[in-house]
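Have the sequence and the model side by side before reading on.

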Amino acid sequence: MTAKTLKKPPAEASASPDIQSCLSYFEERQDQIIETIRQLVEVESPTDSKPAVDRLGSLLAGRFEGLGGHAKFHRTQNFGDHLQVDFSGKSTGKPVMLLGHLDTVYPVGTLATMPFRRADGRLWGPGSFDMKSGIAFMLNAIEALRTWHGDQLPRPVTILLVSDEEVGSDTSRHITENLARKAAAVLVLEPAYGLKGAVKTARKGVGEYNLKVIGKAAHSGLDFEKGASAIIELSRQVIEISKLVDLKHGITLNVGTVQGGTRSNVIPGEARAVLDVRVAHMKDAAAIDRKLRSRKPFNRKCKLEITGGVNRPPMERTAAVAALYKKASEIAKQLGWRLEEAAVGGGSDGNFTAGLGIPTLDGLGGVGEGAHASNESVLISELARRTALLARLIESV
Ligand SMILES: [Zn+2]
């Protein structure tokens, strides 16, 4: 606990500084944190380029090993290798897990038009916010903790940086879940919410479904009555499916794309739609799944095929999540600011770990805006205290 740490005599070589000195420590090293973020942003790492993501993975493995960690790659064929780093600690309890991702949504070459730069109190560049500043916090917090605790960490820490988060984490999910099961808590260094830097204590679950309609193609002039339009059927289905939206209970469905037909004089034999489903509660995921799968065609000559499912469970604000948030907000208060919490619609790998019942706090990374957009940036003024918060959380959860 922080309080206990504070009572230790300051002269002891292996004690953390008091909370104010802890903050000053990172404020004095703000330029070092900025430099780390620059280095990470300047190694582009789009999900779909394995060599690019692997370059960032190797760089980080080297950096973490330089801080005494044991790096290990989980080899992946089509994506970058997932990076796991284990640190032993003075105490032997369960590790705290620091979770994040290496990949970004920006193709290689983006730096040419969107270079890393420092302006208007912010750091700009692809991935600066989502989530290379979060990785920089990990590096700087670990380094500080080692300095304060006589060249070792106060407790074991496991870091996992996956390579496929931006496309749904299919190849990393089992690794994330296996490591989380062994952890005391999971701290997710994804971007904070809003410019006030709220942490995320609830995230919606996310699913994707494909709806395919098989009708009966026919010449629209010669055989009109023999056809069964897949497009008409799909349209009617889309209207019905949209009625499942229930904003009050946090359920949304969005038919994001539709396709169908071949040419204007052919009654379309096939049409399809892809829909995004988001739910705040796990029980709603099952109900929506049932409702979608039990849909019947309006036109008996048409057939429906529904595939897909919810691939990220919702991160619900359980008692364990709330307790972790409380701890973080107490540390923030000592650091002189009010840490807010938010429930958001987007999912992250924190959804998996929270879904297992492991205390999870998300959104501990950089404060900024423009994730996945050309104005992606983080606030420089928040760097030191977010890193201080992380360091204190690692010590105390
Ligand atoms: Zn992210």
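Which residues have the most contacts inside the largest nonpolar core? This is a predicted model, and in it that core has 67 residues, with Phe26, Leu60, Ile159 and Leu187 making the most contacts inside it. Helix α5, residues 128-148, supplies the largest share of the core, 12 residues. Another core lies apart from this one and has 21 residues, including Leu234, Ile241, Ile288 and Leu304. In soluble globular proteins, nonpolar side chains tend to be buried together.

Leaving aside residues up to four places away in sequence, Phe26 touches Ile33, Asn140, Ala141, Ala144, Trp148, Ala384, Thr387, Ala388 and Ala391.

Next comes a sheet. Four strands form an open sheet in the order β4-β5-β18-β17, and their pairing is antiparallel. At the edges are β4 (117-119) and β17 (368-369), each of which pairs on one side only. β17 pairs with β18 (residues 377-379) over 2 bridges, and Gly368 stands opposite Val378 in β18. Helix α5 lies across β5 (122-124), β17 and β18, and runs at about 50° to β18.

Finally, turn to helices α3 (residues 30-41) and α4 (residues 50-66). Their axes come within 10 Å and cross at roughly 150°. Angles over 145 degrees count as roughly antiparallel, so α3 and α4 are roughly antiparallel to each other. Thr36, Gln39 and Leu40 of α3 meet Leu56, Leu59, Leu60 and Arg63 of α4. By class, this contact has 4 nonpolar, 2 polar and 1 charged residues. Leu60 was also named above, among the residues with the most contacts inside the largest core.

Notes:
Residues are numbered from 1 along each chain as its sequence is written. This is a predicted model: local features need pLDDT of at least 70, side-chain atom pairs count only at pLDDT 80 or more; totals for chains, interfaces and linings use all residues. Side-chain values use heavy atoms; hydrogens and water are left out. A nonpolar core is a set of buried Ala, Val, Leu, Ile, Met, Phe, Trp, Tyr and Cys residues joined through side-chain atoms within 4.5 Å. Buried means under 20% relative accessible area, exposed over 50%, partly exposed in between (1.4 Å probe, protein chains only). Contact means heavy atoms within 4.5 Å. Two strands pair if DSSP finds at least two bridges between them. Axes are lines fitted to C-alpha atoms, for helices over the stretch in contact, and angles run from 0 to 180 degrees between N-to-C directions. Angles under 35 degrees count as roughly parallel, over 145 as roughly antiparallel, 65 to 115 as roughly perpendicular and the rest as oblique. Ala, Val, Leu, Ile, Met, Phe, Trp, Tyr, Cys and Pro count as nonpolar, Asp, Glu, Lys and Arg as charged, and the others, Gly among them, as polar.
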